[in-house]
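Subject: Structure for your review

Dear colleague,

Please find below the structure that I promised to hand over. My notes on it follow directly after.

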2 protein chains.
Amino acid sequence: MLGNFSYHNPTKLYFGENAISFLKDELTQYGKNVLLVYGGGSVRKNGIYDEITAILKECGKNVAEVSGVMPNPTAEKLREGVKTAKAHQTDFILAVGGGSVCDYSKAVSVSVHCDEDPWEKYYARFEEPDCEIVPVGCVLTMAGTGSEMNGGSVITNHEQHLKIGHVFGDNVMPKFSILNPRYTMTLPKYQMCAGIYDIMNHICEQYFSGEDDNTSDYISEGLMRGLIHASRIAVQDPQDYEARSNIMWTATWALNTLVSRGKSTDWMVHMLGQAVGAYTDATHGMTLAAVSLPYYRYILPYGTKKFARFAKEVWGIDPAGKTDEQLANAGLDAMESWMKELGLVLNLTELGATPDMIEGIADATLILNGGYKVLNRDEIVQILKASL
Amino acid sequence: MLGNFSYHNPTKLYFGENAISFLKDELTQYGKNVLLVYGGGSVRKNGIYDEITAILKECGKNVAEVSGVMPNPTAEKLREGVKTAKAHQTDFILAVGGGSVCDYSKAVSVSVHCDEDPWEKYYARFEEPDCEIVPVGCVLTMAGTGSEMNGGSVITNHEQHLKIGHVFGDNVMPKFSILNPRYTMTLPKYQMCAGIYDIMNHICEQYFSGEDDNTSDYISEGLMRGLIHASRIAVQDPQDYEARSNIMWTATWALNTLVSRGKSTDWMVHMLGQAVGAYTDATHGMTLAAVSLPYYRYILPYGTKKFARFAKEVWGIDPAGKTDEQLANAGLDAMESWMKELGLVLNLTELGATPDMIEGIADATLILNGGYKVLNRDEIVQILKASL
C-alpha cells in the first residue's frame, strides 16, 4: 500500500537534440561567476566544451574551471573544487559530464559556504546543509545515474576505503538539466552498458522491497520493460537515436524519487557495489552487475513472490506449470541472459578484486534493512565470494 | 522516438492519511487573505471543511469563501469567483474538492488581476496570462482529473453550449496539493468509477498516437495495468485503502505531462465528451465512457499496431494465432468487459443526450489532429450516433 510521503522535484528538464538552445536563457537567471566542472577531457574532444564555453561567453559570464573530475570523484578532489569555487566567489556551478560530474558539483554546491570539511560533514556524518547552497545546472553526457534530477551525490575516500552516497533534499537538486541523447553517443560501449545496468539496478533496488500492491511497482515494471527493449537495440547499434533517447529518459525517471514513493526500498546491491568501487575504482555499473546475481539469488527465498512477479511482468515468462520459486528463478535466469547480451562484467575478479580484499570490502559495506533479508556480515562475505 | 521537449512540474505533493498535517506549514508561506473554494457542500458533511477552517484560523488567515462550484464549473460562476477574489484582495486560493474545484480555482487565479472577461480571454481565445497570478493550493477529495498537478482548467459556457479546457503553464500549476485517499472514500460509487475511467482515458488519449517506440508508452502501460488491477478491487470494496490510494496516485501521474513527453497525443475522446457535457451537464468521466468504444473501434484500422500492443501489454491477451486486427479488437473487447464491471455508462442516451442534440454536439466538438485518424464532421456525427 502507498504509505505517507511527499514528492517535490523542481528540476527543469530540456530534452532532445536542440536542448542546449535553452542554456542561455537559464544562465541569465544566475550571477556572473560560473564554475564550469567537467571530467577527463572527452567534452573537449567531442566539441561540447567549445559549444558551452561559447554560450558562457555570449552570456558575459566570468568562468573558472574544475576539470579532471574522475569517474569515482574523491574527497580530495572535492576539497580542491571547494577551494576553487570559494576563490572564484562562485554564483553558479555548471556541471558538464556524466553522473560523477553532477554528483561532484552538488557536493561542491553545499560546501562552498561551509567551513567544515565536506567529507566529514556530509559523507561521514550524513549531516544536512545549513549554509547557502550554490545553484547547480547540468549538461548530461552519459545516461545512468539519474543525478540530473535528484539530490544524490556519491563521493569516494580512497584512504578510508569508503564510497558513500548522500541523498540531499530538493534544494540541492539541479535547477535545470540539459539532456541531449546525441551527447551520450561518443561514449564507449562498455560505459554505455554499465550505465544501462546502473539504470536497471536503480529500479530493482526500489522494486525488490515490500509485500505491498503499489502503483510505484507498476511504473517500475513499465520502465524496466522499456529499458530492456531499448538496450537490446542500443547494444546492436549504439547510434540508434530512438533507443539512446529512451535509455536517457528512463535513467532520469529511474532515480528521481518517483518509483520509490510510498514504499520501502532495498539498495544493498549499491552498498556492495560501492564498497567494491572503494577498493578497485572499477566502473560503478559494472560493480553492480558483478554482485547482483549472487545477491538476488541469495535473497530470492525471502521474497519469492516479488521475484516471481518480476519474472512474469518484466521478463514475460509464462507462469503456467511453474511454482513461484521456479518462476522466480526463471526471471533471474532471463536477467542473466540479458546481462550477457550487454556484455556486462559478471564477476569481481575481472574488475580487479582479489580474495584478500573480501574482508575489507565486507567491512566497507553499509548494511541496510529495507530488502527481503537483512544480511549479516557472514552473508555479505558469502555473497562477495560468490561474486569473485 | 522521443522528440524535443521540456519538463517542469514544481507542484509539491503531500500524500497519505496524514497529508493534511502539512497544510499549516504551506499556508504560512503565503499572504493573509485566503479565498476558500469548494463545491456543493459534501466537504461540510464529511468534516473536511471543519478540519481546514480550523487550520486557516490557527494560521490567522482572513478567509472569504466561494462555495457551490459545480461539477462542470460555468463561465458565470467563474466571473462571480473573480469578483469575490478581487473584493477580498486575495493573496492565496485554497481549493478543497475534486478536479472541478481545482480547475475553477486556477481559472480564478489567472483572472483576479486581469481586466478582460476570463471566458473570452482564456477559453474562447486561448490566450496566456499576462497579469499577476494568485497562487493556488489544493486539498483533493476526488481522484480523476489530475488537476492537482497540472495547469489544466476546463470551464463550461452553457449559453454557447461549449465546454473548453485550457492547459496553462507551470506558473499556474498548484503550489502544493494534499492527497489523502481517505478523503475520496465518501464519494458515491458512480463518481468513483467515473473518476477511474477519466484516469484510464487520460492515459489512452496520450497513448493512442504516434508510431514511435517511446518510454512514455511503457510508463503508460505500467500505469494502466496498475489502475485496472486497483479498480477491480475498489469496485468490490470502495473502502479498500490500498486500492483507493493506488487509484489516487495513478490519477496524478496520468495527467501531469509525464506520459506525453516526446510524443504526439490524441484527446478526441475528451473533445467529444466535453461537447456532450456542454449539452447534458453529465458527469465528465461518464461522457468519456459513453463515446470511447465507438470512437476507438472506428479509428482502430488506422492504428491497428498500437491497439494490438494495447491488447497484449495492457490486457495481457495472448497474441498467438491472432492477426494484429483480431488482437487489437480483443483488446477493446477486454476494455469493454472491464468498463461493464465498473458499471460505467456506455451510451449517451442514459446521460440525457437525445438524437436531436447530435448536430449541436458535433458542432461543439473541437477537431484535433494528433490521433490515428483526423475525423471530419460526418465521422463525428457517425460516432456520436453510434454512442446513443
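**The nonpolar core**

Leaving aside its neighbours within four places in sequence, Val37(B) is in contact with Val66(B), Val69(B), Gly81(B), Ile93(B), Leu94(B), Ala95(B), Val96(B), Val101(B), Tyr104(B) and Ser105(B). Please bear in mind that this is a predicted model. Val37(B) also belongs to the largest nonpolar core, which holds 255 residues. Within that core, the residues that touch the most other members are Val37(A), Val96(A), Val37(B) and Val96(B). As a general background, nonpolar side chains in soluble globular proteins tend to be buried together.

**Strand β6 of chain B**

How many of the 5 residues of strand β6 (residues 136-140) of chain B are buried? The count is 5 of the 5, so β6(B) is largely enclosed by the rest of the structure. Val136(B), Cys138(B) and Leu140(B) point one way from the strand, while Gly137(B) and Val139(B) point the other way.

β6(B) has pairing partners that include strand β5 (residues 92-97) of chain B, with which it pairs in the parallel sense over 5 bridges. In this pairing, Ile93(B) stands opposite Val136(B); Ile93(B) is also among the contacts of Val37(B).

**How the two chains meet**

Chain A can be laid on chain B by a turn of 180° and a shift of 0.0 Å along the axis, with an RMSD of 0.0 Å. That is the relation of a two-fold axis.

The contact between the chains involves 34 residues of chain A and 34 residues of chain B. On the side of chain A that touches chain B, at least two residues each are supplied by β1 (5-7), β2 (12-15), α8 (215-236) and α9 (241-254) of chain A. The largest share, 8 residues, comes from α8(A). By class, this side of chain A divides into 14 nonpolar, 14 polar and 6 charged residues. Because 100% of the interface residues of chain A are also interface residues in chain B, the copies meet through the same surface.

Strand pairing also crosses from one chain to the other: β1(A) pairs with strand β2 (residues 12-15) of chain B in the antiparallel sense over 3 bridges. Phe5(A) stands opposite Phe15(B), which lies in β2(B).

**The two domains of chain A**

Chain A is divided into domain 1 (12-184) and domain 2 (189-387). Their C-alpha centres lie 27 Å apart. In chain A, 21 residues of domain 1 are in contact with 27 residues of domain 2. On the side of domain 1 that touches domain 2, β2, β7 (152-157) and β8 (162-167) of chain A each supply at least two residues. The largest share of that side, 3 residues, comes from β8(A). The residues on this side of domain 1 are 10 nonpolar, 9 polar and 2 charged.

In helix α12 (residues 304-313) of chain A, the buried residues are Lys306(A), Phe307(A), Ala308(A), Phe310(A), Ala311(A) and Glu313(A). What covers them includes α8 and α13 (324-341) of chain A. α8(A) is also the element that gives the largest share of the side of chain A that touches chain B.

**Loop residues to look at**

Most residues other than glycine have a negative phi.

- His161(A) is not a glycine, yet has a positive phi of about 50°. His161(A) is placed in the loop between β7 and β8 of chain A, and it counts as partly exposed because it has 15 C-beta neighbours inside 10 Å.
- Thr257(B), also not a glycine, has a positive phi of about 85°. Thr257(B) lies in the loop between α9 (241-254) and α10 (268-280) of chain B, and with 21 C-beta neighbours inside 10 Å it counts as buried.

Lastly, is Thr28(B) buried or exposed? Thr28(B) counts as exposed, because it has 10 C-beta neighbours inside 10 Å. Its place is in the loop between α1 (23-27) and β3 (33-38) of chain B. The C-alpha atoms of Thr28(B) and Gly316(B) are separated by 49 Å, and these residues are 288 residues apart along the chain.

With kind regards

Terms used. Residues numbered from 1 in each chain as written. Chains lettered and ligands numbered in written order. Predicted model: local features only at pLDDT ≥ 70, side-chain atom pairs only at ≥ 80, totals over all residues. Contact = placed C-beta atoms within 7 Å. Helix = DSSP H or I, 4+ residues; strand = E, 2+ residues; numbered from the N terminus. Nonpolar A, V, L, I, M, F, W, Y, C, P; charged D, E, K, R; others polar. Pairing = 2+ DSSP bridges. Core = buried A, V, L, I, M, F, W, Y, C linked by C-beta atoms within 7 Å. Buried ≥ 20, exposed ≤ 12 C-beta atoms within 10 Å, placed from the backbone. Least-squares fit on C-alpha atoms with pLDDT ≥ 70 in both. Domains from an automatic or database assignment.
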